[in-house]
Amino acid sequence: MNLYTPHPVRVAEVIDETVDTRTLRLEFKDPAFAESFDFKAGQFGEYSVFGAGECTFCIASPPTRRGYIECSFKKVGKVTNAMRELEVGDTMGFRGPYGNHFPLDRMEGDNLLFIAGGIGLAPVRCVIWNALDLRDKFRDVTIVYGARSVGDLVYRRELEEWAGRDDVKLWQTVDPGGETPDWKGEVGFVPSVVEKAEPKAENTYAIICGPPIMIKFTLPVLIKLGFTKDRIFTTLENRMKCGLGKCGRCNIGPVYVCKDGPVFTAAQLEDLPPEF
Amino acid sequence: MQELVDLTSKLLQNGDVNVVIGYEEGPRGVRPVVAATPDDCRRLIFDHRAVHNLATYLSPRRKHLRVRGRAAVVLKGCDAAAVATLLRERQLKRDDVVLIGVRCGGVYRTTTAEGALSADNVADRCGGCALREPTLVDHLVGDLPPEPPTAGQRAARIAALEELSPAERFDYWRRSLADCVRCNACRAVCPLCVCERCVADKTDPQWIESSPHLRGNFSWHMARALHLAGRCVDCGECQRACPAGIPLTVINGKVGQVMGARFGFRPTDDPDAPAPIGTFDPDDSQEFIR
Amino acid sequence: MSEATATRTPPAVDAFEPKIIAFVCNWCTYTGADLAGTSRLQMAPNVRIIRLPCTGRIDPLFIVKAFERGADGVIVSGCHPGDCHYTAGNFHARRRFAVAREIMGFLGIDLDRVTFSWVSASEGGKWSEVVNETTARVRKLGPFNTYRDLVAGS
Amino acid sequence: MSNEQKYLSESEFDALVRELIASGKRVVAPVAAEDDLEPQADYRAVSDPAKIVLDGPLPRRSLKEFFLPATEALLRWRLKKGDVALDETEADYPETVVVGASPCDAAALPTVDRVMDWDYRDEPWFGRREATVVISRACPGRDSSCFCPVVGLAPDSTRGADVMLYPSGEDAGGYLVEVITERGAALVAAHSKHFQAPREPAGVARLREEARARVDGNSSARPDEIRRWLDKNFEHELWDRLAERCHGCGACAAVCPTCHCFDIVDEPEGGDSGTRRRNWDTCQAAVFTLHGSGHNPRETQNARFRQRVLHKFAIYPERFGEILCTGCGRCVRACPGGMDLPEILEELGRLATSSQSAGGTP
């Protein structure tokens, strides 16, 4: 079997997150492969809709939940349009897992701060559940999540679940003007909510993912709070085709995002040319 | 060409333009140059090797040149016809450019040719050229050289292909287009391929298969010919750029013949001349319609 | 020789039923085709109709796409000159088709596989003739897998 | 030259090629381009040794298409009732002998091997690599676009070759044959009757000297210095003007023996089945890095051309220890805009030297 042949997967569940965002739960058709399949939080895969092509997404479900993988996507192009048409029982393809991962084992015994904006919660959610499924291994878990409006919040049921847990501190926010009358969370941009949440930097790792503008303005806040750049992790989404370090598309400066990433520390990103 | 050097230096010195796009002697033959100082202008030349159509640098796709500011550009008559088309199609504002026409006695088919112009080395379009003294200009330089010889190869090839049966022609193009790797060089150098996003790059729906197999290649070359019908000024840059040696000017030449015979169209440097596609005559011939 | 050829003709060719795609305008030819149907005119069943607002909307690439996907013949049809619902769509289309047709022919596509016609809403009879003639012509030319299968081997 | 040597006469060369073809092997060799007004050559599969032109111009395109075709099917799919059947394309690569490879084309193969074998082994690439024996022919030194000495090669480099042919330079013609690899030795052994006892004709040494002299002076750039400069100068005013004559057409990548970037696309054939293909692609195309959102990290041709230079002379060397260029000069010859890599390398070299003498980072 050559490297580029995907494994058939079955769409087991279709979850509408927002008007334009959807999550698919996928199960491997080959039971032997399903049994052996393993990955680490932060890794990605190439998802294919036969006839439309392949698209790159992180695996949004945690490795601790076996038997399926999930991906969350927004409709932006040919493949995501085709994914939008799929129904339960339909067949897709998956190749992976590829790339590096968040070093959760190194984070054991420390606090975790998760910061996400919009659909950027997808890769972060994988790490959150991975940590919560191994809750004893970590100390404080803080989540700051923001979206443009209440309607743009993804994983609503899970946000409720996290809000209800006493071992998780959850801050939810929407941009000014994006709130509804019954909105109980914060109103404001993610960087200012992080400032307000005032997470302590000592023994804490930050994992951040969202639109570039959010990351740009959140990093200084984290630095001010005392985080060092090697303890702030994020994940890049460059255009990719092969996922295997061959096709050259995701190369920026000395790194191939698909092989050296997608997970990078803020310190590493600083050394990269601004081509992502 | 001292006249050209003096003129362009003055344009830069007076602040009329920010850059001059012209020809220079490169390390391996004549090539385009963007001169930004009067000193740079001393490098400007013009001779039979100036085959490039510099109008292509005025295309709205050249973002990295547009940011350099107002440009003067050196044009042969055929290049001026491309500028006229850009103006006609509102891809360029007349006030944004200074057009320096050169009186032209024909150019080689390739940048590497040598010796006197002859039927063997002259570009297809030069024989019988009506635009040797372009009129779409702000300045016109040089003396009018003698008329260029006529290259007969292309017309002969078109005629020979027309003699064949459809199946034989199909076989000819099947062999020729098999080498196309869809690098898109023909499109990139074309002064009139102005689309920000080419139909061949669109994927949803995908009208043209992007793969360089024969089916995708046939579709691409048909689409290219169609979209340039009545716009192509026959500068031959597509063929010169083609790393596979596909005789693109044979296709362009055929389309040119059709446009001439049906609609009386010839490339012109008059920006107000009507475009044959996009206009119509109620009495257009329709012998092919039942 | 023609006799020898005839006896050698494999039965598969006799069984060949051409697939023909018709791109027609909504206002004239589609209505004309509808009339042909309701008038119960005898028509070859080989034509599949794709209805568009106007011949002006029929990009010549549609024809190429049809061949790419295995069509053996194509019909393009709309309102007579002067009858366009949008005033001049068919005049523009006529120029484009004239060029497209010559380019296709120059690249070696047999133009007997493509029919252009003007069929008005009242010309059900003409539509049935266009369909029957095109079908007969394409049937004689045989299948046009050549274009679809250009991809083979690469 | 400590490798095994033989002599191959002109007539035995033809006989060898005929024998290879008769044994069912695909023989790829430079032949004169058909139907072209300019004298050009192409690498083609040949059926007749008389068509082979070993001393003609450098073939327009490199050998890479015989290992990474411009388009190739990766798999075919068929959807049926909610399920999918995937047929991998046949991994049956034709036994091939390249006869008369230019050394700059042969040298590219082991260079590209590095990325194709990086953690994951690209099966189609190596399938073809392993099915192919490369017989190179020492180059006469083509023209002023050649710059193989800059990247550490020479007209008679044996890198990537299994067997090397050197023109004898004698009136009798024929070739001095040097066996480079075991695979080459096996081929020579299997067809031993065509080869004669080794004798190094006196002309060989002279021709090699002449070939080297012909290309040595074309550029004096030093890639190691250039790389050091590139590492520190992602932002530099040079990049703003270097690509101004560049059309972004990608002809350079199409003819380049080392450019290997590709695209993967699906092509439906009818409703329920189709083919997934891999096609050549290039970093010079604006759509190469264009995101679905419309954001393009490399918005202008300046940025895209910089990527081309960086990938070849900084990124690939850092990652794989090889310069991603063999100095064949095809990009120079193919460029419709007169972009000139040896000239650019010279300029980068000057900047590198002046920044060094100025005491390091500018």
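Reply: A:E108 and A:K137 join their side chains in a salt bridge, 3.8 Å from N to O. A:E108 sits in the loop between α3 (104-107) and β7 (111-117) of chain A, and A:K137 sits in the loop between α4 (121-133) and β8 (141-147), so the bridge ties together parts 29 residues apart in sequence. A salt bridge here is a side-chain nitrogen of Lys or Arg within 4 Å of a carboxyl oxygen of Asp or Glu. Helices (H or I, at least four residues) and strands (E, at least two) are DSSP runs, numbered from the N terminus.

This is a predicted model: local features need pLDDT of at least 70, side-chain atom pairs count only at pLDDT 80 or more, and totals for chains, interfaces and linings use all residues. Residues are numbered from 1 along each chain as its sequence is written, chains are lettered from A and ligands numbered from 1 in the order in which they are written, and side-chain values use heavy atoms, with hydrogens and water left out.

The cut-offs are under 20% relative accessible area for buried, over 50% for exposed and partly exposed in between (1.4 Å probe, protein chains only).

Another bridge starts from the loop between α4 and β8. A:D140 meets A:K200 at 3.7 Å, N to O. A:D140 lies in the loop between α4 and β8 of chain A and A:K200 in the loop between α6 (190-197) and β11, so this pair ties together parts 60 residues apart in sequence. A:D140 is partly exposed at 35%. A:K200 is partly exposed at 46%.

Now compare a pair in chain D. D:R277 and D:E267 form a salt bridge of 3.6 Å, N to O. D:R277 is in strand β11 of chain D and D:E267 is in strand β10 (residues 262-268), ten residues apart. Here both ends are buried: D:R277 at 2% and D:E267 at 1%.

The buried ones are D:P124, D:W125, D:F126, D:G127, D:R128 and D:R129. At the start of α3(D), a side-chain oxygen of D:D122 comes within 3.1 Å of the backbone nitrogen of D:W125.

Over all chains the structure holds 85 salt bridges. One network of them links B:E24, B:R31, B:D40, B:R43, D:R245 and D:E343.

Which chains share the most contacts? Of the five pairs of chains in contact (heavy atoms within 4.5 Å), chains A and D do. Their contact takes 46 residues from chain A and 48 residues from chain D. Chains A and C do not touch; their nearest C-alpha atoms are 14 Å apart.

Nine salt bridges run between chain A and chain D. One of them joins D:D263 to A:K241, with the closest N and O atoms 3.1 Å apart. Elements giving two or more residues to the side of chain A that touches chain D include β3 (44-49) and β6 (91-98) of chain A. β6(A) gives the largest share, four residues. By class, that side has 21 nonpolar, twelve polar and 13 charged residues. Ala, Val, Leu, Ile, Met, Phe, Trp, Tyr, Cys and Pro count as nonpolar, Asp, Glu, Lys and Arg as charged, and the others, Gly among them, as polar.

Over all chains there are 37 aromatic pairs. A:Y47 and A:F94 make one that is edge-to-face, 5.1 Å centre to centre with 75° between the planes. A:Y47 is in strand β3 and A:F94 in strand β6 of chain A, 47 residues apart. Rings of Phe, Tyr and Trp (its six-membered ring) pair if their centres lie within 6.5 Å; planes under 30 degrees apart count as stacked, over 60 as edge-to-face and the rest as tilted. A:Y47 is buried at 0%, and A:F94 is buried at 0%. Both belong to one aromatic cluster, whose members include A:F57 and A:F73.

Note on methods. A polar contact is a pair of N or O atoms within 3.5 Å; within protein, one must be able to donate a hydrogen and the other to accept it, and residues adjacent in sequence count only if both atoms are side-chain atoms.
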